[in-house]
Amino acid sequence: MREHSEVALRVRGLRSHYGDVEVLHEVDATFARGKITVVAGRSGCGKTTLLRNILRLIDPTSGTIELFGRDISELEEDELVNLRPRIGVLFQNGALLQSLTVGANISVPLEQHTRLPADVIERIVLRKLQLVELNGVEHFMPSELSGGMRKRAALARTLALDPEIVFFDEPSAGLDPVTAASLDRLIVELSRKLGITVIVVTHELTSIRHIADRMLFLDAGRAVFEGTVEEAEVCPVDSVRQFFRQGSSEPLGRRSPGGQPM
Amino acid sequence: MSDDRDGRLIARQSVCADGDRLVLAGELTRTRVPAISRELRRVPLASLRVVDLSRVTRLDSAGIGMLEGLRDGLFGKPLELRDPTPHVAEMLELFAGEPVEPAPEERTRVTVRDILETIRYVAGILMDAFILSGEIFYWSVRNVVFPSGHRKGEVTEQIIVTGLNAVPIVATLSFIIGVILALQAAVQLERFGGGPFLADLMGLAMVREMGPLLTAIIITGRSGSAIASEIGTMRVTDELDALRAMGIRPVEYVIAPKMIAFTIVTPLLSILSAAVGLLGGVLVSTTFVGQPAQSFIDRALGILGVPDAAFLMLKGLLFGWAIMMTSCYCGYQVTGGAVEVGRATTQAVVSSIFAIVLLNVIFSLWYVL
């Protein structure tokens with residue numbers, strides 16, 4: 001019983017296809033409640049596909065996805081619509097609605113899923129923007145923001161309904177190291193302060209070391225490692241070892257005068 | 001060939017061939033390769049076995065391509081690349097290994113299986129379009145009853161964008177078309193003394209055909225293309241997935257308000273188009289035929305009945321729905337990037353006009369029969 005309450009999400013035997021190509025092969029994974037779990041792996045290994053399957057934006061070929069204590073792998077769209085307000089998703093490019101202001105974007109889920117009066121929604125919008133350290137941009141259009149600000153604004157929208165579990169798809173993609181680090185810090189703070197279960201899809205080793213409580217490593221559509229980052233660093237699995245070693249290597253081409261690596 | 005002789009030749013040119021040996025000199029780069037290739041065409045290369053690269057100062061991928069071309073021209077006979085400078089040797093090492101074979105071209109022979117695949121593909125498209133249309137109708141009707149599925153004020157905004165903003169262009173073009181049509185008709189009718197019948201002709205033409213058709217074509221160009229590109233872009237930028245992830249149905253939130261607006265706007269714009277087109281007829285009638293405006297209007301309205309007015313609105317409505325469904329479907333099919341958005345927009349306009357013409361044929365047959 002205790003183990004069940006500690007697990008926010010469990011995936012069993014998940015298989016997924018794009019046409020005839022099998023992208024995920026019998027993936028088994030558990031995601032701990034209130035923790036930050038990073039789904040890592042090389043480009044094209046199926047990280048985003050796993051995320052989209054869990055969110056049921058893609059229908060899995062087979063397998064189960066236990067979320068909030070029930071299997072959602074075969075739920076109809078109507079049932080998913082009722083479930084999704086409990087989940088937050090930050091897409092790779094933010095996916096803010098370009099036709100709406102930042103404030104209107106954040107109020108979309110509030111208007112659609114609650115009967116709150118307009119002035120309360122407005123206050124929530126401002127609070128959420130404050131939470132992601134983005135004050136005073138509620139009247140801006142998404143196109144008027146920088147990449148990092150767009151992601152923060154999208155994060156504010158993601159948090160609008162106080163979700164229990166939040167998914168991040170490559171949060172630091174396309175951001176400079178400083179902005180990426182500040183977003184990482186924000187993810188950690190949100191998880192710690194709000195007790196949200198966070199699942200981050202990324203291949204950024206720096207981010208992984210900064211934020212991950214636990215880690216799931218995918219290689220060619222298979223889950224090959226599950227554990228802490230410390231365990232991953234000494235994992236004997238080739239793909240995991242190579243992933244950490246490559247990330248830690250010296251810059252290429254830096255050689256000593258004798259031709260040997262410095 | 002002695003070194004001295006080589007040196008003299010190389011001083012003048014980049015290519016020097018002697019028996020089975022070819023000496024190349026200078027830069028084998030993309031700026032020099034075209035000229036060297038032309039020189040090589042004048043040199044017999046059938047017995048070539050060795051290429052001396054000792055005087056090549058620079059080599060890039062164009063040079064590598066040229067050397068590969070030389071080797072391919074020998075039909076499997078070995079070719080030795082001799083004495084490359086360190087830079088050239090490094091480049092050769094970078095591109096070492098068996099050259100990549102070009103991907104085989106897609107076969108062009110059509111088989112029965114291809115035809116069946118095409119039929120299945122087209123059937124799939126029609127089925128998808130049918131399902132999407134059903135969804136759009138269902139959620140639009142539901143949105144009329146329970147208007148909480150979309151943003152407050154969205155339908156009004158769409159009515160303004162699709163309808164109100166289109167009034168000047170619909171009115172202007174309809175007036176011009178009305179004048180042109182009336183002028184052409186007046187000239188012919190006057191030859192037989194049938195000037196007064198211009199009002200009959202204009203009434204029937206504008207109400208039954210030109211009004212709804214002109215409106216539909218303008219709406220396709222203004223709003224159909226905009227809807228296809230908007231939905232296509234939302235697909236590309238994950239906005240539709242983001243809505244789904246928030247527990248919001250994209251059809252209900254994005255498309256239903258547009259559909260409701262189209263349903264209101266297209267019959268009204270069709271009426272406007274027919275009316276303004278008739279005004280064009282009035283202008284021609286009073287200035288060229290000499291028929292007073294009142295008489296023209298009385299005659300034009302006299303020939304039209306209630307069914308014509310109903311057909312005018314029904315035609316406008318069905319044309320509007322056809323544009324809506326086609327544009328949404330084309331937008332939904334976008335999976336790639338900006339190029340696909342452009343393609344979907346073009347596809348939406350072409351398919352919408354095709355659908356409108358097809359519907360018009362059905363309506364015309366209905367009138368006649």
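An α-helix has 3.6 residues a turn, so residues three or four places apart point the same way. Helix H5 of chain B covers residues 112-145, and its 34 residues reach 50 Å from first to last C-alpha, close to the 50 Å expected at 1.5 Å a residue; the expected span is 1.5 Å times one less than the number of residues. Helices (H or I, at least four residues) and strands (E, at least two) are DSSP runs numbered from the N terminus.

The model is predicted: local features need pLDDT of at least 70 and side-chain atom pairs pLDDT 80 or more, whereas totals for chains, interfaces and linings use all residues. Residues are numbered from 1 along each chain as its sequence is written, and chains are lettered from A and ligands numbered from 1 in the order in which they are written.

Chain A contains an open sheet of 4 strands in the order E2-E1-E4-E5, with antiparallel pairing; strands pair if DSSP finds at least two bridges between them. Strands E2 (21-32) and E5 (70-71) of chain A each have a single partner strand, so one side of each lacks a neighbour in the sheet. Between E1 (residues 7-18) and E4 (residues 62-67) of chain A there are 5 bridges, and Arg15(A) lies opposite Ser62(A) in E4(A).

Between the chains, 16 residues of chain A are in contact with 12 residues of chain B, contact meaning C-beta atoms, placed from the backbone, within 7 Å. On the chain A side, H4(A) gives the largest share, 5 residues.

Conventions: Contact = placed C-beta atoms within 7 Å.
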